[in-house]
Amino acid sequence: MSKLILYGDQLSQPTRAILFILLNNKIPHEFKTISIAKGEQNTEEFAKINPWKKVPVIQDGDLTLIESHTILRYIAQKYKLDQLYSNTDLIERCKVDMYLDWHHIGLRKPASTVFYFTFVAPLFGIPVNQELLASESKNLQTSLSKFESIWLGDKKFIVGDKATLADFASFTEISNLRLISNDYFDLSKYPKIDKWIKQFETMDGYQESHNIFNIVLAKKQ
Amino acid sequence: MASKLILYGDMMSQPVRAVRFMLLNHKIPHVFKAVKIASLEHLSDEYKRMYDQSKYIYIYLSNQSIEIKLTLLNCIYCSNPLHLIPALQDGDLTLVESHTIMRYIAQKYKLDQLYSTTDLIQRCKVDMYLDWHHLGLRKASTMVFFSKFVAPRIGRAVNQAALDMEIMNLQTSLSKFESIWLGDKKFIVGDRPTLADYSAFTEISNLRFVPVEFFDLSKFPKIDAWLKRFESFDGYEESHLIFKKVLSKL
Ligand SMILES: N[C@@H](CCC(=O)N[C@@H](CS)C(=O)NCC(=O)O)C(=O)O
Ligand SMILES: N[C@@H](CCC(=O)N[C@@H](CS)C(=O)NCC(=O)O)C(=O)O
């Protein structure tokens with residue numbers, strides 16, 4: 001059997017979600033860094049692997065997959081990680097899919113826009129579109145409160161007592177916001193999210209997949 | 001399988017049309033319930049029970065002889081990120097999100113051509129598009145549709161900075177849709193339409209409502225040819241009745 005190759009950047013939320021799951025489930029893989037800060041996703045060589053010039057990407061023998069949610073579903077099904085995404089129960093899969101499908105525009109759109117304008121742009125001297133930042137920042141607050149009240153509710157995880165693909169995808173997107181200013185992301189307003197986030201920090205694979213993230217975070221504090 | 005599928009939606013919504021089109025195309029028995037809403041007070045109890053929707057905003061559109069009821073998006077413009085329609089009920093099960101709904105239907109009724117129940121890699125090929133769709137196409141297409149079709153008719157202001165960005169993104173999305181997702185294939189994954197095509201079809205054909213300067217099909221001959229393939233499919237007419245009526249008024 002060929003070994004999975006994951007191409008990504010550990011400062012990318014979807015990359016971390018995949019890496020975390022691979023490590024958590026002890027799936028043999030090789031990680032190849034494509035540094036976004038260095039623009040490595042735009043090289044001709046990488047464009048041959050992914051014409052969209054984005055990470056994450058996985059290769060498994062002849063198969064190349066893009067889009068983190070597709071990659072997560074693939075890994076869970078190939079390695080029969082039923083707890084993350086059931087191989088046998090369609091309705092259980094649908095419960096995970098509902099979140100994964102909502103995630104893109106429901107959470108990632110505002111979260112990644114606010115992150116970009118308040119963390120990435122200042123770092124690289126990129127001008128900030130204030131109007132857009134203001135509207136996405138408002139959307140982000142709504143997303144987070146809906147995440148807390150609707151997706152989490154009184155459950156331990158999104159679908160119930162155990163973490164599924166939905167939790168890993170949302171964990172890396174939401175915890176990423178710790179890099180930005182409290183003005184835009186104040187966890188004290190979301191006690192259930194805060195508690196939910198902490199559950200991941202003791203899981204196998206957390207440290208290794210969040211090494212670089214934690215170094216960057218330490219610099220902020 | 002005693003229960004009959006119930007699809008809730010508005011035929012002016014792209015994801016609703018995608019679900020309805022595939023149901024009709026595959027002759028899956030279902031009941032379609034139009035979510036007719038002019039204001040929150042008029043919501044049917046049945047639908048109300050399904051969601052906590054205190055924060056949704058409904059906008060009522062009226063166009064001479066026909067009335068179009070459009071339920072508009074806070075997901076993008078206002079506050080509430082949880083979308084209302086489409087929603088599907090199958091007995092006790094309630095599902096939201098059109099891609100989840102379509103995957104469910106395809107797997108439950110074993111519509112393997114749309115989404116294989118036996119071949120993981122075939123499913124992944126469909127999933128890649130479906131996952132790309134949200135931020136790759138829909139984010140830009142809905143913004144342009146809202147700003148250029150809906151907003152002027154209801155006197156709503158648009159966020160110009162965001163619009164300018166999405167107008168540019170839309171052109172990039174369409175040309176990449178053509179060169180990467182379609183390429184020289186008949187459909188996104190090959191010779192036959194899958195869930196990916198249904199989802200993309202209703203989103204892209206919806207751009208017929210916006211002025212040609214923002215959506216010029218003559219620049220995208222492969223997309224044009226691909227769109228035309230759907231128009232002779234079973235279920236197209238019925239799922240696009242209202243769409244075509246509105247289009248003919250432009
Ligand atoms: N929907 C995609 C998002 C991928 C994505 O946005 N990747 C970013 C990093 S987080 C990227 O590669 N950006 C580089 C660029 O756009 O140049 C997924 O879930 O995989
Ligand atoms: N990602 C969702 C999008 C659903 C969506 O945006 N629905 C819109 C109509 S196209 C809606 O329900 N709007 C009503 C509202 O937000 O009040 C899907 O694919 O189902």
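This report describes the interface between two chains and a few single residues.

The model is predicted: local features need pLDDT of at least 70, side-chain atom pairs count only at pLDDT 80 or more, and totals for chains, interfaces and linings use all residues. Residues are numbered from 1 along each chain as its sequence is written, chains are lettered from A and ligands numbered from 1 in the order in which they are written, and side-chain values use heavy atoms, without hydrogens and water.

**The interface**

Chain B puts 41 residues in contact with 36 residues of chain A. Contact means heavy atoms within 4.5 Å. About 3600 Å² is buried between the two chains, and carbon and sulfur atoms give 66% of that area. Buried area is the accessible area (1.4 Å probe) that two parts lose on being put together, summed over both.

There are 2 salt bridges between chain B and chain A. A salt bridge is a side-chain nitrogen of Lys or Arg within 4 Å of a carboxyl oxygen of Asp or Glu. Asp131(B) forms a salt bridge with Arg73(A), with the closest N and O atoms 3.0 Å apart.

Which elements of chain B each supply at least two residues of the side that touches chain A? They are β6 (93-96), α3 (98-108), α4 (120-154) and α5 (160-182). Helices (H or I, at least four residues) and strands (E, at least two) are DSSP runs, numbered from the N terminus. The largest share, 12 residues, comes from α4(B).

Buried means under 20% relative accessible area, exposed over 50%, partly exposed in between (1.4 Å probe, protein chains only).

**Points in chain A**

Thr172(A) sits in helix α6 (residues 165-175). Thr172(A) counts as buried because its relative accessibility is 1%. Its side chain reaches the backbone oxygen of Gln13(A) at 2.9 Å. Beyond neighbours within four places in sequence, Thr172(A) is in contact with Gln13(A), Pro14(A), Arg16(A), Ala17(A) and His210(A).

A cis peptide bond joins Val55(A) and Pro56(A), with omega about 0°. Pro56(A) is in the loop between α2 (44-49) and β3 (57-60) of chain A.

Definitions and conventions
A polar contact is a pair of N or O atoms within 3.5 Å; within protein, one must be able to donate a hydrogen and the other to accept it, and residues adjacent in sequence count only if both atoms are side-chain atoms.
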